[in-house]
Amino acid sequence: MQDLKRLKAKIANGAIVCCECELQGDITIGSRTVIHPRAKIIALLGPIIIGENNIIEEQVQIINNGEDAMVIGNNNVFEVDCRVESKKIGDNNIVESKAFVGRQTSLSNGCVIGAKCEVLVHETLQEGSLFYGSGPDVKRRVQSDKPSAQGAQIEFLSKVLPNYHRIRKPLV
Amino acid sequence: MTHLFKSEKVQYLCTCGSLKPLCRTFFCRHCLALKCGDCVFHEVDILYCSNCLENVPPGEARVKKNQCSECFECPVCDQLLLTRATNIQVPSTEDPSKLVPKKMFYLVCGFCRWTTREAGLPDQPSATGSWPDSDNANSARVAALLEHYRSLAQLDKFEKEQKRQLKRRSNYLSFTADKYSLSALAARKRSGLPFSGSLGMKKETPQIYKVESAVAFEETDDMLDPEIFTKVLNLSFVTTIDQRIRQSERQPVKSEDLIPIHKFLSVRRSQRCRFCEHNLSKPEYNPSSIKFKIHLGAFYHVPDVIIFRNSRDDMQLRLCNRSQYPTHVRLLSLDQFSSIAHSKIEELESSFGEAEKEKKSSSSMVGHELCESPATQAANFRSCLTNALKEKVNAFFQLPSEQILLPARDDLAEYELTAPQNLKDDPKAVLWRKGNKVVVSTPLTVLDDELEEKRAGFVFEFGAVRAGFETKEVQPQPTNVYIPVFISLGKI
């Protein structure tokens with residue numbers, strides 16, 4: 001078996017991945033994705049495939065514990081200090097600060113996991129579902145408004161982050 | 001730091017008999033007694049919105065149903081709603097073919113991301129004040145019923161007045177009418193005619209507001225939809241009971257009927273001594289200010305007792321005086337206090353007899369007189385004694401017998417390099433002294449060694465200045481105040 005730690009992450013052109021973030025294992029990152037410093041993307045056994053236009057902020061832990069691939073779609077936002085172990089995440093989702101998405105949950109499109117919510121349900125969440133509340137009191141509902149696109153934020157980060165952090169070179 | 005002052009170990013006995021830590025009590029400077037939150041009057045000072053900090057006088061608040069007109073709450077999760085703006089293109093007024101950007105506003109909840117668009121409410125062109133209010137379908141009927149019952153109440157009152165007038169006047173007239181020939185009145189009364197308007201009863205009989213009586217129907221408006229038995233219910237489109245009751249006028253069943261709720265106003269309260277009706281705590285008018293106009297916290301008037309060292313052999317207590325005046329403090333055991341109290345009660349009751357000669361009843365005395373009257377003071381001593389004796393103690397302190405001077409609080413004392421005053425203290429009793437703080441040695445004798453929680457008590461005697469006497473020439477004389485203190489020593 002290949003020594004997984006030796007593998008370098010495949011970073012597409014246009015992705016802004018800071019040097020100080022921790023990338024371990026077989027990771028593919030799509031273009032225009034911004035990964036802040038201090039993020040941790042750890043593919044222990046299986047690979048992680050991250051799509052385009054995502055924002056992964058500081059202290060985020062994206063961990064793939066199982067052997068099959070973990071797929072993250074496009075236009076997602078992972079806010080500060082959240083923890084994602086879910087196998088499949090679609091598009092346009094928002095995982096807010098300090099939230100935790102468990103291994104059995106899969107996010108479809110347009111979902112919002114509110115701050116400090118722990119979502120461990122064994123199901124694929126309905127489109128546009130929303131979790132809010134905290135502790136044992138997490139409530140869910142379906143929202144009709146889709147979360148807005150983060151295009152402006154991504155552009156801004158792409159210009160500003162390289163001024164202050166070293167960026168990893170793209171490697172296809 | 002709050003732990004240091006808010007200790008539950010040292011508790012003071014309030015005039016109502018409850019034990020409270022010092023920081024939770026007030027000190028009424030007229031009654032010279034401790035008052036806690038349970039024995040004061042709480043009054044509504046002013047109403048304000050906790051978001052926009054707008055002061056609303058109570059009369060106006062009643063009209064607005066105690067709700068702020070500008071701020072809204074999310075109907076789903078009860079958090080504040082934020083206003084967000086979007087730009088849309090509208091045809092400009094001058095040239096209909098051109099599109100001009102215009103700002104439209106909608107409300108969104110920061111916690112659960114509910115928006116007014118979900119309720120179907122269109123975006124408003126102005127940021128404030130144009131969101132539609134919930135209108136109650138029954139409000140007209142309720143108003144009519146209220147008017148009807150109000151008119152009935154008025155009629156009742158009028159009839160009562162009439163009866164009273166009749167009763168009063170009948171006696172008067174029977175005595176004087178024949179003597180002074182107020183024959184007109186007497187004649188009218190005898191003939192049974194009603195009194196004329198010249199006697200001041202010009203009011204007409206109030207009319208009753210007529211209301212249609214309610215009609216019962218077999219089928220009501222809010223019948224259950226028969227589809228509920230056939231269709232699968234999607235719980236995310238149904239409101240919870242909490243959400244329904246929060247909007248009690250409309251009580252929407254479907255989630256899409258939830259509309260923003262006006263935020264309720266919060267109350268600023270002022271507290272007043274129950275006995276002498278002086279204010280103990282009164283906040284400022286400005287709702288964002290944390291200061292008080294009047295704040296007679298006991299923390300600043302009564303010396304504070306803290307357990308300095310909690311060991312069985314070498315028990316030490318620290319006394320600290322935070323008021324502006326120096327005081328002489330004496331720590332009395334409960335027996336000593338009861339003898340002092342009894343002698344004072346006798347003294348007051350003898351002078352009580354003299355005051356009775358002046359024919360002053362207690363109900364006519366107000367303020368200073370009421371607080372200082374010997375009857376009140378005797379009653380206070382008695383109740384204090386009975387409350388103090390009710391508390392169970394299983395350990396005793398050996399208290400210093402003489403008075404200890406506690407200087408006033410001096411904020412500049414820490415900057416002074418010279419040594420403080422030379423006070424002659426008994427070195428066995430007073431171990432340490434600095435500024436307005438004194439550490440006193442109080443060896444402990446335990447009654448019952450088996451009980452784990454040890455509790456000791458003593459009575460604190462200190463001099464306090466009664467309010468209302470401060471003139472520039474004369475320094476007011478302090479009076480002795482007695483407050484029982486109970487200390488939970490824990491397991492030692």
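This is a predicted model: local features need pLDDT of at least 70, side-chain atom pairs count only at pLDDT 80 or more; totals for chains, interfaces and linings use all residues.
User: What is the length of helix H1 in chain A?
Analyst: Helix H1 of chain A covers residues 151-164, which is 14 residues. From its first C-alpha to its last it reaches 21 Å, close to the 20 Å expected at 1.5 Å a residue.

User: And where is the kink in H1(A)?
Analyst: The kink, of about 25°, lies at A:Ser158, shortly before the proline A:Pro162.

User: Which residues of H1(A) are buried?
Analyst: A:Ile154, A:Leu157 and A:Leu161 are buried.

User: What do the buried residues pack against?
Analyst: The buried residues of H1(A) pack against strands S2 (16-17), S5 (34-35) and S8 (55-56) of chain A.

User: Turning to the sheet, what is the order of its strands?
Analyst: The order in chain A is S2-S5-S8-S11-S14-S16-S18-S19; these 8 strands form an open sheet with mixed pairing. S2 and S19 (139-142) are the edge strands, each pairing on one side only.

User: In what sense do S14 and S16 of chain A pair?
Analyst: S14 (residues 94-95) and S16 (residues 112-113) pair in the parallel sense over 2 bridges. A:Val95 stands opposite A:Ile113 in S16(A).

User: Which side chains meet in a salt bridge?
Analyst: The side chains of A:Glu96 and B:Arg113 do, at 2.6 Å, N to O. The count between the two chains is 1 salt bridge.

Key:
Residues are numbered from 1 along each chain as its sequence is written. Chains are lettered from A and ligands numbered from 1 in the order in which they are written. Side-chain values use heavy atoms; hydrogens and water are left out. Helices (H or I, at least four residues) and strands (E, at least two) are DSSP runs, numbered from the N terminus. The expected span of a helix is 1.5 Å times one less than its number of residues. The bend at a residue is the angle between axes fitted to the seven residues ending there and the seven starting there. Buried means under 20% relative accessible area, exposed over 50%, partly exposed in between (1.4 Å probe, protein chains only). Contact means heavy atoms within 4.5 Å. Two strands pair if DSSP finds at least two bridges between them. A salt bridge is a side-chain nitrogen of Lys or Arg within 4 Å of a carboxyl oxygen of Asp or Glu.
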